[in-house]
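Me: I have just opened this structure and would like a guided tour. Could we take it piece by piece?

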Amino acid sequence: MKKILVTGSSGLIGSEVCLYFAAEGWQIHGVDNNQRAVFFGPKGDTRWNQHRLENSIKGFVHHELDIRDRQSVLDLLKEIKPQQLSTLPRSPATIWRPPFLLPISIPTPSER
Ligand SMILES: NC(=O)c1ccc[n+]([C@@H]2O[C@H](COP(=O)([O-])OP(=O)(O)OC[C@H]3O[C@@H](n4cnc5c(N)ncnc54)[C@H](O)[C@@H]3O)[C@@H](O)[C@H]2O)c1
């Protein structure tokens, strides 16, 4: 089974990416540390969306990880060896201190 690693998986776009690829038969690995709640308070909390994915996607694996932690991200990539990667976090921290060490890479339907 092909694997995709989605960062910002509990967010608006990331969660939809997870659902889309799950429907296409991929195994989903999500990375999110609920950073949104750190910056925006309880109203920014995305745990509910994490739980939604855990309940609706068979085999969904959540990784509680700060993507600014480069070594942990590299270790996770080595462990999972995903065929596809999607990076979608957004927060003040990720804006002023870009952790985007990984390319955004979502193939178009014709490329899959
Ligand atoms: N929402 C839109 O309409 C829209 C449109 C165009 C582009 N985008 C882009 O898509 C990306 C995602 O947007 P969104 O609306 O899904 O954002 P969002 O805030 O809903 O989701 C971002 C998720 O990333 C997580 N996150 C933030 N920093 C993290 C970190 N350091 N480590 C781990 N997880 C972290 C947050 O907890 C959150 O769950 C952004 O880059 C945004 O600019 C969004």
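**A tour of the predicted model**

Reply: Let us begin with helix H4, which lies largely in the open, because the number of buried residues among its eleven is one. Please keep in mind that this is a predicted model.

Me: What follows H4?

Reply: H4 is followed by Lys81, which has a positive phi, near 50°. Lys81 is a residue other than glycine, and it is found in the loop between helix H4 (70-80) and S4.

Me: Is Lys81 buried or exposed?

Reply: Lys81 is exposed, with 9 other C-beta atoms within 10 Å.

Me: And what is phi of Asn34?

Reply: Phi of Asn34 is near 60°, again a positive value in a residue other than glycine. Asn34 has its place in the loop between S2 and helix H2 (35-40). Asn34 is partly exposed, with 15 other C-beta atoms within 10 Å.

Me: Let us step back. How many helices and strands does the protein chain have?

Reply: The protein chain has five helices and four strands. Along the sequence they follow the pattern β-α-β-α-α-β-α-β-α. The chain has 112 residues, of which 30% count as buried.

Me: What share of the contacts comes from residues 24 or more positions apart?

Reply: Such residues account for 61% of the contacts in the protein chain with a separation of 6 or more.

Me: Now the sheet. In which order do the strands lie?

Reply: The order is S3-S2-S1-S4, in an open sheet of four strands with parallel pairing. Strand S3 (61-63) and strand S4 (84-87) stand at the edges with a single partner strand each, so one side of each has no neighbour in the sheet. From one strand to the next, the twist averages 20°.

Me: How many bridges join S1 to S2, and how many join S1 to S4?

Reply: S1 and S2 pair over five bridges, while strand S1 (residues 3-7) and S4 pair over four. Thr7 takes part in the picture on both sides: it stands opposite Val31 in S2 and opposite Thr87 in S4.

Me: Which residue of S3 does Val31 stand opposite?

Reply: Val31 stands opposite His63 in S3. Strands S2 and S3 pair in the parallel sense over three bridges.

Me: Tell me about His63. Which residues is it in contact with, leaving aside neighbours within four places in sequence?

Reply: His63 is in contact with His29, Gly30, Val31 and Leu76. His63 is partly exposed, with 19 other C-beta atoms within 10 Å.

Me: How far apart are His63 and Ser9?

Reply: They are 54 residues apart in sequence, and their C-alpha atoms are 9.5 Å apart in space.

Me: Back to S2. Is it mostly covered or mostly open?

Reply: S2 is mostly covered, with four of its five residues buried. S2 also belongs to a right-handed β-α-β unit, together with S1 and H1.

Me: Which residues have the most contacts inside the largest nonpolar core?

Reply: They are Ile4, Val6, Cys18, Phe21 and Ile28, in a core of 13 residues. S1, H1 and S2 each supply at least two residues of this core. As a general point, nonpolar side chains in soluble globular proteins tend to be buried together.

Me: What does Cys18 touch, not counting residues up to four places away?

Reply: Cys18 touches Val6, Ser9, Ile28, Gly30, Leu53, Ile57 and Phe60.

Me: I see Leu53 in that list. Which residues of helix H3 are buried?

Reply: In helix H3 (residues 47-56), Asn49, Gln50 and Leu53 are buried. They lie on the same side of H3, because they cover an arc of only 105° around the axis.

Me: What covers those buried residues?

Reply: The cover includes helix H1 (12-23), strand S2 (27-31) and S3.

Me: And which exposed residues are on the face turned away?

Reply: The face of H3 turned away from the buried side carries Arg47, Trp48, His51, Glu54 and Asn55, which are exposed.

Definitions and conventions. Residues are numbered from 1 along each chain as its sequence is written. This is a predicted model: local features need pLDDT of at least 70, side-chain atom pairs count only at pLDDT 80 or more; totals for chains, interfaces and linings use all residues. Two strands pair if DSSP finds at least two bridges between them. Axes are lines fitted to C-alpha atoms, for helices over the stretch in contact, and angles run from 0 to 180 degrees between N-to-C directions. A residue is buried if 20 or more other C-beta atoms lie within 10 Å of its own, exposed if 12 or fewer, and partly exposed in between; C-beta atoms are placed from the backbone. The arc is that of the directions from the helix axis to the C-beta atoms. Two residues are in contact if their C-beta atoms, placed from the backbone, lie within 7 Å. A nonpolar core is a set of buried Ala, Val, Leu, Ile, Met, Phe, Trp, Tyr and Cys residues joined through C-beta atoms within 7 Å. A crossover is right-handed if, with the strands pointing away from the viewer, the path from the first strand over the helix to the second runs clockwise.
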